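User: Hi! Could you walk me through the rings and helix packing in this one?

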Amino acid sequence: MAYAAQRFGFSYDLTPWVRRLLIANTAVFFVTLILGRDFFFQWFGFAPASAFTRPWTVLTYMFLHGDIWHLLLNMLVLFFFGPPLESRWGSAEFLRYYLLCGLGGVLLSFIFAPGSAIIGASAAIYGLMLAFAWHWPEQPIYIWGIFPVPAKWLVGFFFVLTFITAFGGEGGRIAHFAHLGGLLAGLVYLRVGGRLKAGLAGMRDSRAAERFAIVSRRAPGAKASGGDGARGKAANAGREEDLLDEVDRILDKISARGLAALTEEERRLLDEVSRRRASN
């Protein structure tokens, strides 16, 4: 299963937390093989009956996998769908969403399957698939690299199938309630959290625009004049134009990705322009 990365404009470059999660999950898998799975599954897998005596398992269960295929399927989805989401949201929000979906799997398993232990990153992975379809619903996902299916229909199919198998009591040892919990937690975050984030971003960006906006392409206090020093004024005007172009680029970046995406150099430039404008 893969999406059309080249046409979509994405590359296969790994973003920071996708890379770390891939490494962590793979490393933990081989450590469990070497040192013994039973010990790790007992102490780090999530079991509702021991949730209060081993609270760390609500997080550690996400890094355990039952076999190589379980690991490969989850990591394949993370590899393809994780980078565009982390690039869009930023690393902090991506990790927060990933862990939240994993905790959603814990919650639904605790409520509806209290007698079943769960391991694996599948709840978080299902949440990533949902987020990808949320932002890029028409993006074709190629099943077996051949059959294109829009992301929204593929994820919708997984949602319905997971719901039916979870409450239908089928699926053997597969933790369908964990999968469903990941999807529902992701849905809540994308609907409620997205609106809250949009409101906060609007407040933040309006403050940023008020602080940094350049209302004129002419430098404050500049006058169109000729005479002596014309070449020097023209050079200054050129530098000012370049500065304003750079500020416009940074403001566009704030609008698209928020203040947190700025580098230290970009922040210093905006602070300098703000001070200059205030002094004028």
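This is a predicted model: local features need pLDDT of at least 70, side-chain atom pairs count only at pLDDT 80 or more; totals for chains, interfaces and linings use all residues.

User: Great. How many helices and strands are there in the protein?

Analyst: The protein has 11 helices and three strands, taken as DSSP runs (helices are H or I, at least four residues; strands are E, at least two) and numbered from the N terminus.

User: And how much of it counts as buried?

Analyst: Of its 280 residues, 39% count as buried. Buried means under 20% relative accessible area, exposed over 50%, and partly exposed in between, with a 1.4 Å probe and protein chains only.

User: On to rings. How many aromatic pairs are there?

Analyst: The count is 16 aromatic pairs. Rings of Phe, Tyr and Trp (its six-membered ring) pair if their centres lie within 6.5 Å; planes under 30 degrees apart are stacked, over 60 edge-to-face, and the rest tilted. One of them joins phenylalanine 79 and phenylalanine 80, edge-to-face at 5.3 Å centre to centre with 80 degrees between the planes.

User: Why is the pair of phenylalanine 81 and phenylalanine 132 stacked?

Analyst: Because their ring centres are 4.7 Å apart and their planes are at 20 degrees. Phenylalanine 81 lies in helix α5 (residues 68–89) and phenylalanine 132 in helix α7 (residues 122–135), so the pair ties together parts 51 residues apart in sequence.

User: Are those two buried or exposed?

Analyst: Phenylalanine 81 counts as buried at 4% relative accessibility, and phenylalanine 132 counts as buried at 1%.

User: Nice. How does α7 pack with α8?

Analyst: α7 and helix α8 (residues 151–168) pack at about 145 degrees, with axes 8 Å apart. Axes are lines fitted to C-alpha atoms, for helices over the stretch in contact, and angles run from 0 to 180 degrees between N-to-C directions.

User: Which residues meet there?

Analyst: Tyr126, Met129, Leu130, Phe132 and Ala133 in α7 meet Ala151, Lys152, Val155, Phe158 and Thr162 in α8, where contact means heavy atoms within 4.5 Å.

User: Last one: what sits over the ring of tryptophan 17?

Analyst: The charged end of arginine 20, 4.9 Å from the ring centre. The rule asks for NZ of Lys or CZ of Arg within 6 Å of the ring centre and within 35 degrees of the ring normal.

Definitions and conventions: Residues are numbered from 1 along each chain as its sequence is written. Side-chain values use heavy atoms; hydrogens and water are left out.
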